[in-house]
Amino acid sequence: MRASFCDQSWGQWVAEAALSVKDKVFNLIPPVLLAVVVLFWGLGPARLTANPTTLLVAVCVTMGIIQALEFVHERHAGWRWNGRELFTDVFYVVLGFNAIDFLSTHLAEDPLKALKTALHIGTPWTLQLPFVVQVALIVFLIEFGQYWMHRLMHNNPLFWLTHAPHHHITQLNALKGAVGNPIELFLISLSVVALFDFSLQALFCAANVGTLVSSFAHANVRSDPPPFYAFFFTTIRNHSLHHSVPYEDTRCNYANSLILIDRMFGTFRDGEADTVGQDDRKRLTIPEQFVFPFVPLITAIQARRNVSAPPGPR
Ligand SMILES: [Zn+2]
Ligand SMILES: [Zn+2]
């Protein structure tokens, strides 16, 4: 009996030690991958780093790695990925790469570039900055715009209608940052970066960094990065709090990737939520996510029709 008790204690100790080592390794994965991404775009061969196809591949690989980590070290069993979630998440990733990217390029980025040319605006100084500083500046510019757009969405009923579908997701996974109503996805993609001159590699690197951080911030991965990372970048711990069920509790931690901006503007809140969703936690289907902003209008028109329609035969 005594021997089996000792064996059990020993086995338990080994299991706990292994889990502790695994936790420590996983806590370091976000900063290590961040360094790998910056080194690749900063030092990689130009034939690769100046090619837009490389960015597409790098972003897909980044999301794929983080999604795969969910199966190795899960945070919550209730957030486990299944076929239905996979279909929805992949649908929105493809939508983002195609329709949303097309709209933001043609309706926002190209007009800004034309304006920059017409007004002879040039920022040659930004091109002279060291690579890492350029990347940091691009990430800050993108995140600054996204922060205020996101905050507006949580403080204005009309804008909230476009953003609410993202909050109706009932579990968090690596690709969930891409899920939302298309109007919101377009609005959140707007930025002023096109007005500045940056190297192509710095632009691609910033896009890759944004994908990396926001994918980790939505991922069902048991990984709590060290303070030197969590002070600057959004983590799943703090972003899950933003996905809390009570609406009032969502009004914090707005930054998609750069939580530093929440610290700057007083909206940072430390904490974590394991139950996510909105209202009665009803999971929306893709068609429901698409029509969500128009539901009040459709309901009002239907109510008006019902009032004006002559009473039917009894
Ligand atoms: Zn939000
Ligand atoms: Zn989110």
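Biologist: Let's start inside. How do the residues lining the largest cavity divide into nonpolar, polar and charged?
Modeller: This is a predicted model, and in it the lining of the largest cavity is made up of seven nonpolar residues and three polar ones, with no charged residue among them. Its lining includes P30, F216, A219 and Y229, along with S223, T234 and T235, and its volume is about 60 Å³.

Biologist: How many cavities of 30 Å³ or more are there?
Modeller: The count is two. The second largest cavity has a volume of about 50 Å³, and its lining divides into three nonpolar, four polar and four charged residues. Among the residues that line it are E85, D89, K176 and R283, and helix 4, which covers residues 83-118, gives the largest share of the lining with three residues.

Biologist: And what about the second largest pocket, which residues line that?
Modeller: The second largest pocket, with a volume of about 210 Å³, is lined by L34, V38, V132, V135, A136, V139, F140, V209, F233 and L258. By class these are 10 nonpolar residues, with no polar and no charged ones. Helix 1 (2-43) and helix 6 (131-153) each supply at least two residues of that lining, and helix 6 gives the most, with five.

Biologist: Let me step back a bit. What is the whole protein built from, helices or strands?
Modeller: The protein has 14 helices and zero strands. Its C-alpha trace spans about 85 × 70 × 35 Å along the principal axes, and buried residues make up 43% of its 314 residues.

Biologist: Which residues touch the most other members of the largest nonpolar core?
Modeller: Those are W41, V135 and V209, in a core of 37 residues. Helix 1, helix 3 (52-69), helix 6 and helix 9 (200-218) are the elements that give two or more residues to this core, and helix 9 gives the most, with eight.

Biologist: Now the metals. Which residues hold the zinc ion called ligand 1?
Modeller: Its protein donors are the NE2 atoms of H150, H154, H163, H167 and H242, which lie 2.1 to 2.2 Å from the zinc ion. Along the chain these donors follow the spacing H-x3-H-x8-H-x3-H-x74-H. H163 and H167 both lie in helix 7 (residues 157-167), four residues apart, which is about one turn of the helix.

Biologist: Are H163 and H167 buried or exposed?
Modeller: H163 counts as buried because its relative accessibility is 1%, and H167 is buried too, with a relative accessible area of 0%. The cut-off behind this is that buried means under 20% relative accessible area.

Technical notes:
Residues numbered from 1 in each chain as written. Chains lettered and ligands numbered in written order. Predicted model: local features only at pLDDT ≥ 70, side-chain atom pairs only at ≥ 80, totals over all residues. Heavy atoms only, no water. Donors = N, O, S within 2.8 Å, 3.2 Å for Na, K, Ca; no water. Buried < 20%, exposed > 50% of the residue type's maximum accessible area, 1.4 Å probe, protein only. 1 Å grid on protein atoms, 1.4 Å probe; cavity = no way out; pocket = protein on both sides within 12 Å on 5 of 7 lines; lining within 4 Å. Points joined across faces, edges and corners; volume = space filled by probe spheres on them. Nonpolar A, V, L, I, M, F, W, Y, C, P; charged D, E, K, R; others polar. Core = buried A, V, L, I, M, F, W, Y, C linked by side-chain atoms within 4.5 Å.
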